[in-house]
Amino acid sequence: MRLDLVLLHNPERARPGDRSALLSAIRDAFAILEEEVAAGRVAGYGVATWAGLGEAFTVGELLALAAEAAGGQHHHLVAVKMPVSLVMMTPIARALHGRGPLPAAADVGRRVMASAPLHGGELPGMVGQELADLVRPDLPPAQACILAVASCPGMTDVLLAASGAPQWREAADAVAQPSLTAATLRETARHPSSFTYWS
């Protein structure tokens, strides 16, 4: 059996306050994962973080650590995962200007995975129909939230949980919609009823 993808989960919590030790620990974890790839047990690996990208490390640093771990540029760091939503809007805002971790990963062919697109299921109840209509007229709030995340420049995967088949179908219908324009994403972020946190 081979795992398609192994994500190093919130590595920034491993060595709080000691950046050098943190980067060393990440490199050591990558070295183990490279061994697992060589043994045929893992196809690729990535980093899943809540707040690490941009605060504790950059995509460029992760790629350099993976190269060190692999002994060259042929490494198997293939994905980054972070929260992106109409609450966690900063990654979208930065990506619209070609900055931040999303374009940094996408520009070098890595998978970019959005976690918590519905902010733990709370976001659809917070988004009014006016904001949903700004995203796409007559689209229900949950679908509007998902479409906004899926439209983010560089995004390749939107990860969410559903309690049943109808929710999965709604999510699939949302991502099947044409992507939002950069102008619509910017207007959504500036909307007075948007529940966005900017950092």
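At what angle do α7 and α8 pack, and how many Å apart are their axes?

## The α7–α8 pair

In this predicted model, α7 and α8 pack with their axes 8 Å apart, at an angle of about 45 degrees. That makes α7 oblique to α8, where angles under 35 degrees count as roughly parallel, over 145 as roughly antiparallel, 65 to 115 as roughly perpendicular and the rest as oblique. The crossing of the two helices, α7 and α8, is right-handed.

## The second largest pocket

Let's turn to the pocket. α7 (141-150) and α8 (165-176) each supply at least two residues of the lining of the second largest pocket. This pocket has a volume of about 260 Å³. Of its 17 lining residues, L118, G121, L160, A161 and A162 are the closest to the centre. A pocket here is an open set of points on a 1 Å grid over the protein atoms alone, with protein on both sides within 12 Å along at least five of seven lines, and lining residues have an atom within 4 Å of a point.

## M89

M89 sits in the loop between β3 (77-83) and α3 (90-95). At 1% relative accessibility, M89 counts as buried (under 20% relative accessible area, with a 1.4 Å probe and protein chains only). Its C-alpha atom is separated by 11 Å from that of A114, 25 residues apart along the chain.

## Notes on the model

Residues are numbered from 1 along each chain as its sequence is written, and side-chain values use heavy atoms, leaving out hydrogens and water. Local features need pLDDT of at least 70 and side-chain atom pairs count only at pLDDT 80 or more, while totals for chains, interfaces and linings use all residues.

Notes. 1 Å grid on protein atoms, 1.4 Å probe; cavity = no way out; pocket = protein on both sides within 12 Å on 5 of 7 lines; lining within 4 Å. Points joined across faces, edges and corners; volume = space filled by probe spheres on them. Helix = DSSP H or I, 4+ residues; strand = E, 2+ residues; numbered from the N terminus. Buried < 20%, exposed > 50% of the residue type's maximum accessible area, 1.4 Å probe, protein only. Axes fitted to C-alpha atoms, helices over the stretch in contact; angles between N-to-C directions. Left-handed = near helix turned anticlockwise from the far one by under 90°.
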